[in-house]
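Hi,

Here's the structure I said I'd pass on. Have a look first, and my notes follow below.

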Amino acid sequence: MGKRKLSTPNPDVMSLEAASNDQTLDKDYKGMGVVYVGHIPNHFQEKEMRQFFGQFGDILKLRISRSKKTANSKGYAFILYEDEEVAKIVANTMNDTYFVADY
């Protein structure tokens, strides 16, 4: 598996640009950005996440990590945005933000 370099110092945004010696990364992902979202409440599902994070830009893929045994959310997700700049804006805007449930 090839190594990928982070083009920004922000650990919440991962650039999908291949390292100079890595030819294994699919060119279709060039210019796209991935955002890690942590501390997600259990009630916050894919539909709500698409609505909330979709206001920043076009979401190509959203994946909430789930338990294999119970299918419950593990509390974190990855969002693939069409534009890496949008992913950077999301990470900077949402940094240190918590989702609070009001029941």
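Keep in mind that this is a predicted model. Overall, the chain averages a pLDDT of 79, and 69% of the residues score at least 70. Residues 1-8 stay under 50, although the model has 19 contacts for them beyond four places in sequence.

Now the strands. Strand β2 (residues 33-38) is mostly covered, with 5 of its 6 residues buried. β2 runs antiparallel to strand β4 (residues 73-81), and the two pair over 6 bridges; V35 sits opposite I79 of β4. Over in strand β3 you'll find S65, which counts as buried because its relative accessibility is 5%. Leaving out residues up to four places away in sequence, S65 touches N72, S73, K74, G75 and Y76.

As for charged pairs, there are 2 salt bridges. One joins the side chains of R66 and E46, at 3.2 Å from N to O. That pair links distant parts of the chain, since R66 is in strand β3 and E46 is in helix α1 (residues 46-53), 20 residues apart. Both ends are partly exposed: R66 at 27% relative accessibility, E46 at 30%.

E85 and K88 form a salt bridge too, with their closest N and O atoms 3.4 Å apart. They're 3 residues apart in helix α2 (residues 84-94), so about one helical turn separates them. E85 is partly exposed at 44%, as is K88 at 21%.

Cheers

Definitions and conventions:
Residues numbered from 1 in each chain as written. Predicted model: local features only at pLDDT ≥ 70, side-chain atom pairs only at ≥ 80, totals over all residues. Heavy atoms only, no water. pLDDT = per-residue confidence, 0-100. Contact = heavy atoms within 4.5 Å. Helix = DSSP H or I, 4+ residues; strand = E, 2+ residues; numbered from the N terminus. Buried < 20%, exposed > 50% of the residue type's maximum accessible area, 1.4 Å probe, protein only. Pairing = 2+ DSSP bridges. Salt bridge = Lys/Arg side-chain N within 4 Å of Asp/Glu carboxyl O.
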